[in-house]
Amino acid sequence: MSIPTQSDTRTTATSAKRTPVQIAALVVGVLFLLVGIAGFIPGLTQNLGDLQFAGHEGHAMLLGIFHVSILHNIVHLLFGVAGVALARTPNAARQFLLWGGVIYLGLFVYGLIIDFDSAANFVPLSDANNWLHLALGLAMVALSFLPRHRDRV
């Protein structure tokens, strides 16, 4: 039988502090940060020189698939910061995932209603963005139902 060292105890205590919903919020937050940063990186974003602050007139596309703008990237960065910050407590993590998911589902519906070539497309949105927003919204809402308590061993 081995006796845990101080570093073993610290590692175990740190990983045991987070609940499943907190881990999910942290992962989603980090992913949002990465996507927000990627939207400004040449090569990851095609036609980066055509990146506009907002609107559908620009032709910048993350991974050559998703239309992006400066505003779009900033929103991803803000969601990322919120996810990382709100992952500190189980209830805040749940709220981030639930309401963030609801916002993305609302954005999906908005994308279904508007004409992509109109001034209402300020995000910018496209079919690819819409499907991603639907998947993201559903995933975030589903993740919000993860346990908010640690399992007791």
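**Figure 1. Overview of the predicted model.** The protein exposes about 9000 Å², and carbon and sulfur atoms supply 69% of it (accessible areas come from the Shrake-Rupley method with a 1.4 Å probe; for residues, only the protein chains shown count as cover). This is a predicted model, in which local features need pLDDT of at least 70 and side-chain atom pairs count only at pLDDT 80 or more, while totals for chains, interfaces and linings use all residues. Residues are numbered from 1 along each chain as its sequence is written, and side-chain values use heavy atoms, with hydrogens and water left out. The protein has five helices and three strands, and along the sequence they follow the pattern α-α-β-β-β-α-α-α. Helices (H or I, at least four residues) and strands (E, at least two) are DSSP runs, numbered from the N terminus. Of the 153 residues, 35% count as buried (buried means under 20% relative accessible area, exposed over 50%, partly exposed in between, with a 1.4 Å probe and protein chains only). Among contacts between residues at least 6 apart in sequence, 62% join residues at least 24 apart; contact means heavy atoms within 4.5 Å.

Figure 2. Three strands form an open sheet in the order E1-E2-E3, with antiparallel pairing. Strand E1 (45–46) and strand E3 (66–67) are the edge strands, and each pairs on one side only. Two strands pair if DSSP finds at least two bridges between them. Strand E2 (residues 61–62) pairs with E3 in the antiparallel sense over two bridges, and Phe 66 in E3 is the bridge partner of Leu 62. The loop between E1 and E2 holds Asn 47, which has a positive phi of about 60° although it is not a glycine. Asn 47 is partly exposed, at a relative accessible area of 44%. The loop between E2 and E3 holds Leu 63, another residue that is not a glycine but has a positive phi of about 60°. Leu 63 counts as exposed, at 53% relative accessibility.

**Figure 3. The largest nonpolar core.** In soluble globular proteins, nonpolar side chains tend to be buried together. The largest nonpolar core here has 16 residues, and those with the most contacts inside it are Ala 25, Val 28, Phe 32, Phe 96, Leu 97, Tyr 104 and Met 140. Two or more residues of this core come from each of H2 and H4. A nonpolar core is a set of buried Ala, Val, Leu, Ile, Met, Phe, Trp, Tyr and Cys residues joined through side-chain atoms within 4.5 Å. Another core, of six residues, lies apart from the largest one and includes Ala 38, Leu 51, Ala 60 and Phe 66.

Figure 4. Leu 97 is in helix H4 (residues 90–113) and counts as buried because its relative accessibility is 0%. Leaving aside neighbours within four places in sequence, Leu 97 is in contact with Val 21, Ala 24, Ala 25, Val 28, Met 140, Val 141, Leu 143 and Ser 144. Leu 97 and Ala 24 are 73 residues apart in sequence, and 8.2 Å separates them in space, C-alpha to C-alpha. Not counting residues up to four places away in sequence, Phe 96 touches a set of residues that includes Phe 32, Phe 79, Leu 86 and Met 140.

**Figure 5. A nonpolar patch on the surface.** Ile 23, Val 27, Val 30, Leu 31, Leu 34 and Val 84 form this patch, with about 470 Å² of accessible area together. Patches are made of residues with over 30% relative accessible area and no salt bridge, like charges being joined within 9 Å and nonpolar side chains (Val, Leu, Ile, Met, Phe, Trp, Tyr) within 5 Å. A salt bridge is a side-chain nitrogen of Lys or Arg within 4 Å of a carboxyl oxygen of Asp or Glu. Helix H2 (residues 20–38) gives the largest share of the patch, five residues. Leu 31 is found in helix H2 and is partly exposed, with a relative accessible area of 47%.

Figure 6. Asn 73 is found in helix H3 (residues 70–86) and counts as buried, at 0% relative accessibility. Beyond residues up to four places away in sequence, Asn 73 touches Gly 36, Gly 39, Phe 40, Leu 51 and Val 68. His 72 also lies in helix H3 and is buried, with a relative accessible area of 5%. Apart from neighbours within four places in sequence, His 72 is in contact with His 67, Val 123, Pro 124, Asn 129 and His 133. Val 123 and Pro 124 are joined by a cis peptide bond, with omega about 0°. Pro 124 lies in the loop between H4 and helix H5 (127–143).
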